[in-house]
Amino acid sequence: MRTWHDGEGTLTVGGDGGAREVPLRIAASYRARTRGLLGRDGIDGALLLTPAGSVHTFRMRFAIDVAYLDRKFTVLAVRTMKPGRLGLPRLRSRHVLEAEAGAMERWGLRPGVRVELRAAESR
C-alpha cells in the first residue's frame, strides 16, 4: 500500500490515445485535508484528498465536482455539490477527487473509469 504526501502531481484520465493529463494537488496530511479548497475562488486541475470517504462544502465559494475512488483508483461515483452541502460517506471510498463543477464531465470521469495518479518527484 502506498503512502501519500502533500504536494503536486498529475491525474491521468482515460487510456491509450484518449488520455487526458490534469494538474493535481495532493492533500494527505490532516491539516491539508481539512483545509481542502476552503478560501479559494477556484482550482486549476484537481485536488486529491487521501484518505477520505466523504466531503463537505461548508464555507466554500464555488460549486465542485466530487469523485469517490476505491483503493485501485476506480471511480465509484461522481457528484456535483453546491456550497454549504454535506456529502454522505461513500461505501468502499478510499480517496476523493475535487474539481470545479463541470470539469469531471469534460475529462470523461464517470463511474467505472480507472484513473492514474502520479506524485511529482521529491527533491
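Modeller: In DSSP terms, a strand is a run of E of at least two residues, a helix is a run of H or I of at least four, and both are numbered from the N terminus. Two strands count as a pair when DSSP finds at least two bridges between them. One of the bridges joins A27 to L49 in strand 3.

A short note on how to read all this: the model is predicted, so local features need pLDDT of at least 70 and side-chain atom pairs count only at pLDDT 80 or more, while totals for chains, interfaces and linings use all residues. Residues are numbered from 1 along each chain as its sequence is written, and side-chain values use heavy atoms, with hydrogens and water left out.

In general, strands of a sheet pair through backbone hydrogen bonds, either parallel or antiparallel.

From strand 2, we can walk towards strand 7. Strand 1 and strand 2 are antiparallel partners over seven bridges, with L11 opposite V22 in strand 2. Strand 1 also pairs with strand 7, again in the antiparallel sense, over five bridges. There, T12 has E116 of strand 7 as its bridge partner.

Strand 6 is mostly covered, as five of its six residues are buried. Buried means under 20% relative accessible area, exposed means over 50%, and partly exposed lies in between (1.4 Å probe, protein chains only).

What do the side chains of these strands build? The largest nonpolar core has 22 residues, and those touching the most other members are L11, L24, L97, W107, L109, V115 and L117. At least two residues each come from strand 1 (7-13), strand 2 (20-27), strand 3 (46-49), strand 4 (64-69), strand 6 (95-100), helix 2 (103-107) and strand 7 (115-119). A nonpolar core here is a set of buried Ala, Val, Leu, Ile, Met, Phe, Trp, Tyr and Cys residues joined through side-chain atoms within 4.5 Å. As a rule, nonpolar side chains in soluble globular proteins tend to be buried together.

Leaving out residues up to four places away in sequence, L24 touches, among others, L11, L47, L48, L97 and L117, where contact means heavy atoms within 4.5 Å. There is also a second, separate core of 17 residues, including A52, I64, V66 and Y68.

The loops deserve a visit too. Between strand 3 and strand 4 sits P51, joined to T50 by a cis peptide bond with omega about -10°. T57 is in the loop between strand 3 and strand 4 as well, and T57 is buried, at a relative accessible area of 0%. Apart from neighbours within four places in sequence, T57 contacts I64, M81, K82, P83, G84 and R85.

Two further loop residues have positive phi without being glycine. F73, in the loop between strand 4 and strand 5, has a phi of about 65° and counts as buried at 18% relative accessibility. R92, in the loop between strand 5 and strand 6, has a phi near 75°, and R92 is exposed, with a relative accessible area of 60%.

Finally, the setting: the chain holds two helices and seven strands, running β-β-α-β-β-β-β-α-β from the N terminus.
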